[in-house]
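Open the structure in your viewer and keep the selection tool ready. This tour moves from one selection to the next.

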Amino acid sequence: MLIGYLIAGFFLPLFPMSMVFNVVLRRLPGIAARSLVLLLWPQLGLVLLATLGTPVPSWLGAWALATAILYGIRALSLRDLSTWIGFIAVAAWSLVWVPAAVTDQTGLLHLHALSFSIPLILLTVLGFGLKERFGAAYAGLSSGLARTVPRLSSLLVITVLATIATPLFPNFFTMLATITLVTPAAPSMAIAVAVVWLLLTWAGARLLQDLVIGPPFPDPKPDLDRKTTWMHGSGLAVFIVIGLTLSGSLL
Amino acid sequence: MSPSIGEKLSIRAMIYVAGEQVPFFWPMRSFIHHNPLHGLEHLPFADAVEKGTHLFHASGYLPRTAYQGYLAQGKIDKDALDASVRKFCTTRQSPPGLDLPRWLMTALCKTGRTLAIQSSVADPADVRAALADADLPDRTELTAAQLSIKIRARLPRDMPLYEIVDALYGTSIGLELDERVIQACLDFFDEGQSVWDMPERQRGFFAAWKDLAGRDVKSTLKQLARARSSTMDADAEGAIVQILQVLGVPMEEWSGYFRREVARLHGWAGFIRWRSSTKNYYWAQRYPGDLVDLVAVRMLLTLTLLRKRRHRRLPTTFDEIEQAITSKPQEMYLRSEFYGPNLVPALAHPVEDALLRRNADLLARVFVDYRAHKRRQEASVQAQRLTDLATACQDSAGLRQLSAEGIADLLQALRAFEKHEGMLWLQAMEAKSTQDLVKGISLAPPPPREKRPFVQALFCIDTRSERIRRHLEGVGDYQTYGIAGFFGVPVSFMELGKGSENLLCPVLLTPKNLVLEMTAAAPQDQAALSAVEKAMHELKESVLTPFVTVEAIGLLFGFDMVGKTLAPTAYNRLRQRLHEHKPATHLLLDKFSREQADSIVRAVQRAVIVKAVEQEFRLEPEHITDDMIRELRESALGHATGSPGLVAMLGLDGEHEQAFIERLRTDYRIEPSFAKFQLERLGRIGFSLDEQTRFVVQALRSIGLVHNFSRFVLLVGHGSASENNPYESALDCGACGGNHGLASARVLARMANKPEVRRRLRARDIDIADDAWFVPALHNTTTDEIHLYDLDALPAQHLIYLDRLRNGVTAAARLCAQERLPSLQTGAAELDAAQAARSARRNSMDWSQVRPEWGLSRNAFFVIGRRSLTEATGLDGRAFLHSYDYRLDPKLRLLENILSGPLVVAQWINMEHYFSTVDNERFGSGSKAYHNVAGRFGVMTGNLSDLRTGLPAQTVLDNGLPYHEPVRLITVIEAPFEHALKAVESVVSVKRLVRNGWVRLLIIDPETATRHYYDEGEWQLSPHHDHAPGTKPEEPVTT
């Protein structure tokens, strides 16, 4: 059983197994491969978890929270967007252990993980867009995006807001549901989840500050075309609608 | 050991010299336009721009694309540009097979970015290989010693230590240091904005700050004291010397170090420098602080912040930096790349990773990889840019055939050219502007008049006057003149109800005479509305009251906000009605005689003694007799020994009597030396008759108005009116020290209307007709309205003409608003004159309006000559027009005055607009929308920034693009060449401005019909042909 949990800890990342996920993500070359990993990685963990039976031991919840806090803090000082995505993914997915310790609704847990995976996938797509234009998606290197590539930066801002679970996006309800679920059993864990949420928000704000704000890039760069902008925007809108539709059951 | 007095003096001298490069920053209550590079005016313009832009990290010219836009609009003379390019090419070796002038012209006109990149790794051979799509040639990597030299070259010798640490370790010590210095400046230099004052400010900036500084600073002070086995020197110079020694700054670098430190927050430094060098500035006298204090604060914070980061193994002295560069050159190279602006983005992550791990092998591997990658990238980018240029030039074959040496030549030429191209664009733009101006200039004398004009109006030389003058001349029989807005009378003015003096003259002058505004109206009780407003203000300013009153009275502020936002015109009219109107006033203009002054001092002394007796002995007024007061006064002044009257009244003994008399001397200042001081102060009030006559003669002669005076002679000062605008005084009259010009107009009008003055004028060949009356007026440049003042003094027979005069100025004002408004708001071109005037009025009352008017934006010309010179052409509000008739100035004094005063002020204005336009973030003050008032004397961006010194974006930019067309002031003097040249040569400051190219000078000689243009160190002569509408072309003269 313990080995099973440890293996699940690779997919619903627990430190230090989480390093495997980050290495894998960094080495994958294309958007499709990375998106697939971001989509499926936690789902595999949840499938494995289901075979082990839920709820999981509570000490795993504590381990998961420590992992989330560690990665949340580390994300504060990261500048490389793809690494940032990996760290936020670890911080967010490890939180799935927390409701898993108090509920046996595996379907709900799948949705929880998905609600974090989707904005991270959208962010990955934008990250590649930045890399194409600026040579790297690196905070501080390509600052002032708002005035250089306004469409891309608008989408970037909204997607980062989606990633850090701001209201209306499904993961906002995920975080609320997590806190609501664990509060009766372990109020201290609920507080820890809130701390992780705060760290994610802080990391997102720092990233945006270093990417979007500032004087424009000296060399003009092509912005996203209208079609891509609409497609990406529509993806976000659908994400919001799905989140609002399902939030009743999440809560 | 403490530094000696000599060392301290040396520090003070070095910082004084370092401060010279920073322009003064005057408090914004009276905004003074200034040249941000004033400290470099001893250099030629191009050199000063190069030095200044390096010092202030700014741009000195517009980007190429902006100039290309001007070229497309026909605002740049392409032939002049072409000629400049060809001239440049004569000094360069042309790459074989290339038509270099054509390449450079193509680069200027058809490409938008830098063509010769600053390559640090790739060489021309690499570029050649990249152009041929071949592998880069083999090359040996730099040795450790060579690499160390390269790294040191990136760090200027005068760079402060924290900047080096920031550049190599990615810290933000500089930012934190600046924030703490700004906070300290805000606390210390506050002029009443803060509710709670910084304590002990009278001890000086450094001393007061040191006491309040945080625990970290105090810990540094203790450590320093321990290390030196003595207490830390209490004064600023001592602290600076000690810290420089601790940081290991070589003594020969101290001057440069100070220069960089002072320039870092040049707004604050400029304000502190101005403040400490201004005599009689209340706040400076009370709370002294200078640049030495500022540098001491910076040095102490530098040391503190560096030491706070010791746990991160950062170097904290220059020796440690040097050691790191020598022993770990690869790491230091990667650091300077990673935290610098030229990092190869694709390798950012591995470089960061290697730097974090600090593993020598990994660093060495990443270093090699990085250099190779950077070399490829630089070669590829450079090759692409050259290819783009060749394509634009339609000469790809020419590029392909170039050898590595040819490419080296081409890159060298491009690099030198791009360094100088701003100057070429500027000169070509000025050439076109000059041509346009000259086309409109007519030397034809004005037709003789059969009768005197209905009105003669003297306006300020301000560019905004050009429009209103043109319209006024168009609506009737008006003759206008241009004169500096203080009308040549430097006045220190004390307005009714104000306790301080306003200096109404250019900052170059210091007024000797004080004029008081007085009223005969009895003092009135404070209006109820004013009392309510005061109460509201105090509630807002208090620390605690907002917490408890916001719910109770917050809504009242809401009404105010709704009114000001939705219906600004009606709401402001209502408010104005509720306010008490200023009563009719008189100016105390004449000097007191000695007897009058004595009498006033006596009266004041008597009044003080009466109050003293009332307060000290609780005597009622009916018991205080004149004899008693006289006796007390005589005794206090030492002319008598006691006051029998007082003794008898109160039954005092001798001891008490003498004690009271002594108190009169010490506490109430009834003593001879103070009486003498009062007499001196009274001596400043007013002008003697001689002075008045001299000022009137000078004003009238300088503009050539010496006969044929009209019934009305308007003296039109100007000022602006806007709401919620810290820059309001920037829109007022620069010649009046950033104040409204009305008081100056009233002063000169009073002088010129005085019969005694007119009698003396006749003796000097200026015969003002008896019925001529000088009327002061104010031109509101935001609304274009002209209001007449002091009409109660107007002779009765003039009243019947007053309606005609009012109609004329109203019509001109409306037409002026109609002409001006389309540049301010979209759709205004459709408005008729009355609607335009209403819109302009609304702008002046709208608190959300960030651009109530364009002010002096687009200024470009300064014309010194008769009105007929430019009367036939519209100058679009771009010209300072100073009337001048050389025939009345055989001794050149008038022209010298114009050059040394108005021209210099106009050049400051012009340069402020120029630099605020070419780099609004560094030389200007950015967007007004983010401004906050700081300490009641300046503005900051956000809540903590350097003082913003230049003009805001809304004054010089339109939708982010230049509205002001940045050219140097093109000055035209209408006078015989020798006459004008002699005057220019005799005014040293102007001669320097002309020779160094800060002002472009054109002398138009009406007697020979020739133009003399000073360009590149020599006078160029050409004939002048009249092209202005309505003038007859002349035959060219032989030159």
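**Stop one: a sheet in chain B**

Select residues 861–865 and 969–974 of chain B: these are strands β10 and β16, paired in the parallel sense over four bridges. Strands here are DSSP runs (E, at least two residues), helices are H or I runs of at least four, and both are numbered from the N terminus. Two strands pair if DSSP finds at least two bridges between them. Now pick Val863(B); its bridge partner in β16(B) is Val972(B).

This is a predicted model: local features need pLDDT of at least 70, side-chain atom pairs count only at pLDDT 80 or more, and totals for chains, interfaces and linings use all residues. Residues are numbered from 1 along each chain as its sequence is written, chains are lettered from A and ligands numbered from 1 in the order in which they are written, and side-chain values use heavy atoms, leaving out hydrogens and water.

Widen the view to the open sheet of six strands, ordered β11-β10-β16-β17-β18-β19 (chain B), with mixed pairing. Its edge strands are β11 (879–883) and β19 (1018–1023) of chain B.

**Stop two: where the chains meet**

Show chains A and B together. Each gives 11 residues to the contact (heavy atoms within 4.5 Å). Which residues lose the most area in chain A to chain B? Select Arg79(A), Tyr138(A) and Leu141(A): together they account for 47% of what that side buries.

Finish on Asp219(A) and Arg385(B). They form a salt bridge, with the closest N and O atoms 3.1 Å apart. The rule asks for a side-chain nitrogen of Lys or Arg within 4 Å of a carboxyl oxygen of Asp or Glu. It finds one salt bridge across this interface.

Key
Buried area = accessible area lost by both parts, 1.4 Å probe.
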